[in-house]
Amino acid sequence: MKRYRIGPIESLPVQTGRVVYIENREIAVFRLSNGEVQAVENRCPHKGGPLAEGIVSGNYVFCPLHDRKINLKDGLVQKPDIGCVRTYPVELIEGTVILGIPVKEAAISG
């Protein structure tokens, strides 16, 4: 796993997405109201809407284009809609947000 420092937890507004670019990927990072940080690809599987611009509620983000509800923990779109987005592991170490990219994926895109 390749790890990337995103920044201090305080740099992420609560319940608002922030876009980070890592290895040709556009990733949406969210600080949830419960203090957790989640990261998903910044592209809705339906029409490619920018998830970082969506409304966050609990563990979900709603796509700003067509209101698809996406679980930030597992990337699954809520039924009856279908689809999923890639999720990325996130750690919080001494107040710093660290995002992980699996090495195999990093080698393919880098």
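A residue counts as buried when its relative accessible area is under 20%, as exposed when over 50%, and as partly exposed in between. In this predicted model, Cys-63 has a relative accessible area of 4% and is therefore buried.

**Annotated domain**
- An unreviewed UniProt entry lists residues 3-99 as "domain: Rieske".

**Cysteines**
- A disulfide requires two cysteine sulfur atoms within 2.5 Å, and the count by this rule is zero.
- Cys-63 is in no disulfide, and its nearest cysteine sulfur, that of Cys-44, is 3.8 Å away.
- For Cys-84, the closest cysteine sulfur also belongs to Cys-44, but at 11 Å it is too far for a bond.
- Cys-84 has 47% relative accessibility, so this residue counts as partly exposed, whereas Cys-63 is buried at 4%.

**Asn-71**
- Asn-71 belongs to strand 7, which covers residues 69-71.
- Its relative accessibility is 14%, so Asn-71 counts as buried.
- A polar atom of the Asn-71 side chain lies 3.4 Å from the backbone nitrogen of Asp-74.
- Once neighbours within four places in sequence are set aside, Asn-71 is in contact with Asn-59, Tyr-60 and Leu-76.

Note on methods:
Residues numbered from 1 in each chain as written. Predicted model: local features only at pLDDT ≥ 70, side-chain atom pairs only at ≥ 80, totals over all residues. Heavy atoms only, no water. UniProt positions renumbered as here; feature names shortened; annotations may be inferred. Helix = DSSP H or I, 4+ residues; strand = E, 2+ residues; numbered from the N terminus. Buried < 20%, exposed > 50% of the residue type's maximum accessible area, 1.4 Å probe, protein only. Polar contact = N/O pair within 3.5 Å; in protein donor to acceptor, adjacent residues only side chain to side chain. Contact = heavy atoms within 4.5 Å.
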